[in-house]
Amino acid sequence: MRRIVVVIASTLTGLVLLFSYPTSLNRTVGTGRLAAAPAASGGGTAVASTGQGSGTFTGTAAPTPYGNVQVQITVAAGKITDALTVDYPSQNGHDQQINAYALPILQSETVQAQSSSVDMVSGATYTSQGYVTSLQSAIDQAGL
């Protein structure tokens, strides 16, 4: 009888630990913002550059199986102060749901990391890969 109680208690403890493990599905959405409407541009450009390493830089659009991803960064005094996704897949509700979740996380991590070394977002692998590719293009343009 004692063995049965120990097995049941161990099983319940294991289940509680399993279900309390944080995953990408129960992460809260970041406070970053998406562009109002995805742009249809393909090239990378520097916009409103105010000096070496300062200004707004738009990376080259990175193709993914679901559409292009394009990132724009704002740099001041050689530091990334903001990241905005100006083009991203949004053709259907699934794309919109994934990107509404993933892009604010990627944008926030960009400012924290000050580089393109950001973690991929689980469930948004293609978007994450396209984001990092375009982000690196913008960083290269900024000379960081």
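Okay, so when I say buried, I mean under 20% relative accessible area, with exposed being over 50% and partly exposed in between, using a 1.4 Å probe and protein chains only. This is a predicted model, where local features need pLDDT of at least 70, side-chain atom pairs count only at pLDDT 80 or more, and totals for chains, interfaces and linings use all residues. Residues are numbered from 1 along each chain as its sequence is written, and side-chain values use heavy atoms, leaving out hydrogens and water.

Let's start with strand S2, residues 54-58. Strands here are DSSP E runs of at least two residues, helices are H or I runs of at least four, and both are numbered from the N terminus. Ser54, Thr56 and Thr58 point one way from S2, Gly55 and Phe57 point the other way, and all are buried. In a regular strand, side chains alternate between the two faces of the sheet. With five of its five residues buried, S2 is largely enclosed by the rest of the structure.

Phe57 has Ile73 as its bridge partner in S4.

Now, the helices. The axes of H2 and H3, lines fitted to C-alpha atoms over the stretch in contact, with angles from 0 to 180 degrees between N-to-C directions, come within 11 Å and cross at roughly 35°. Contact means heavy atoms within 4.5 Å, and here H2 brings Asn99, Leu103, Leu106, Gln107 and Thr110, while H3 brings Thr127, Ser128, Tyr131 and Leu135.

Last one: Leu135 also touches Val71, Ile73, Ser115 and Ser116, among others, not counting residues up to four places away in sequence.

Methods: Pairing = 2+ DSSP bridges.
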